[in-house]
Amino acid sequence: MGAQDTTDIKLTAVSVHGARLGFGQRKLWDGLELDIAPGEFLAVLGANGSGKTSFLKVLLGLLPLDSGTVTIGGELARRGHRAIGYVPQQRHFTEDTPLRARDLVGLGIDGHKWGIRLRGRAHRKRVDELLGEVGAGSYAKIPVGMLSGGEQQRLRIAQALASDPKVLLCDEPLLSLDLNHQKAVSALVGKQAKEHGTAVVFVTHEINPILEHVDRVLYLAGGRFTIGTPEQVMTTEVLSALYGTRVEVLHSNGRIVVVGMPEAVMDGHLEGTPGSEEGHAA
Ligand SMILES: Nc1ncnc2c1ncn2[C@@H]1O[C@H](COP(=O)(O)OP(=O)(O)OP(=O)(O)O)[C@@H](O)[C@H]1O
């Protein structure tokens, strides 16, 4: 991590202790223990409905745990925590949304957590930098509702980074991005973690685009979880044990492909065929 000020997050950026969450009879996880360090990049993986978004909602203070605690920078998780930047699961802006691309990014700066407002030229410069980092400079003045899903998504990422957050929560931010922009955005988020000491929690169905940036994986499946480095978690033995059935984890040209996940968790976003360029979400 970089040499930035982390005095308000001394030991951990995010701490989850003794956490249990379920809905009705359905348990998403129990006994979850996890400390995320400043600068650490955590990928949250798992099939549809395994509880990835719910995990983010708990960190955001939007969903109470059944038991256990979550702290962000030493304070109990709560709505609107100033240390958090958030890239929500994609929703399209309607065509009549009265914001240009640069206005949207500027909102991330204007809602600045430290109460220091950038004005005039400094504000414009910072917006331009952020637009440039996500490759959105060419459509800075276009109303957001006129942009494609991927173009809008890059703006949301720029907006979330605008406040230089201590904790960045991303809910499938690579959806609808082409391969080049997946790489660019992954690198940008990875850089934010390593150079700014931002703790990143990155929900995704596809680990490959972010693999080089990931420090640890939280893998959720069927009410259970496992945590470790990608090398520890993404193995045939570990995932077979987690799913309770045999799955194969193949490593090919630096990519991880998971084959044979149970039918019940093969719906939704898990596209492509095993071994294809898309691969299967790990
Ligand atoms: N407020 C709620 N009330 C009842 N059930 C809920 C609630 N929120 C989530 N669930 C259920 O909890 C499970 C986990 O949902 P969640 O959205 O966290 O999954 P996910 O892993 O993010 O899925 P996906 O990959 O499809 O986005 C789902 O079965 C969902 O229906």
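In what order do the 4 strands of the open sheet lie? The order is S2-S1-S4-S5, with antiparallel pairing.

## Basis of the model

This is a predicted model: local features need pLDDT of at least 70, side-chain atom pairs count only at pLDDT 80 or more, and totals for chains, interfaces and linings use all residues. Residues are numbered from 1 along each chain as its sequence is written.

## Sheet

Strands here are DSSP runs of E with at least two residues, and helices are runs of H or I with at least four, numbered from the N terminus. Two strands pair if DSSP finds at least two bridges between them. At the edges are S2 (26–36) and S5 (75–76), each pairing on one side only. Strand S1 (residues 14–23) pairs with S2 in the antiparallel sense over 7 bridges. Val14 has Ile36 in S2 as its bridge partner.

## Domains

An automatic or database domain assignment supplies the bounds: domain 1 covers 1–83 + 165–233 and domain 2 covers 95–162. Their centres, taken over C-alpha atoms, are 24 Å apart.

Contact (C-beta atoms, placed from the backbone, within 7 Å) involves 13 residues of domain 1 and 11 residues of domain 2. On the domain 1 side, helix H5 (residues 179–196) gives the most, with 5 residues.

## Positive phi

Most residues other than glycine have a negative phi. Glu172, in the loop between strand S7 (167–171) and H5, has a positive phi of about 50°. Asn253, in the loop between S11 (248–252) and S12 (255–259), also has a positive phi of about 50°.

Glu172 is buried, with 20 other C-beta atoms within 10 Å, whereas Asn253 is exposed, with 5. Buried means 20 or more such atoms, exposed 12 or fewer, and partly exposed in between, with C-beta atoms placed from the backbone.

Notes:
Two residues are in contact if their C-beta atoms, placed from the backbone, lie within 7 Å.
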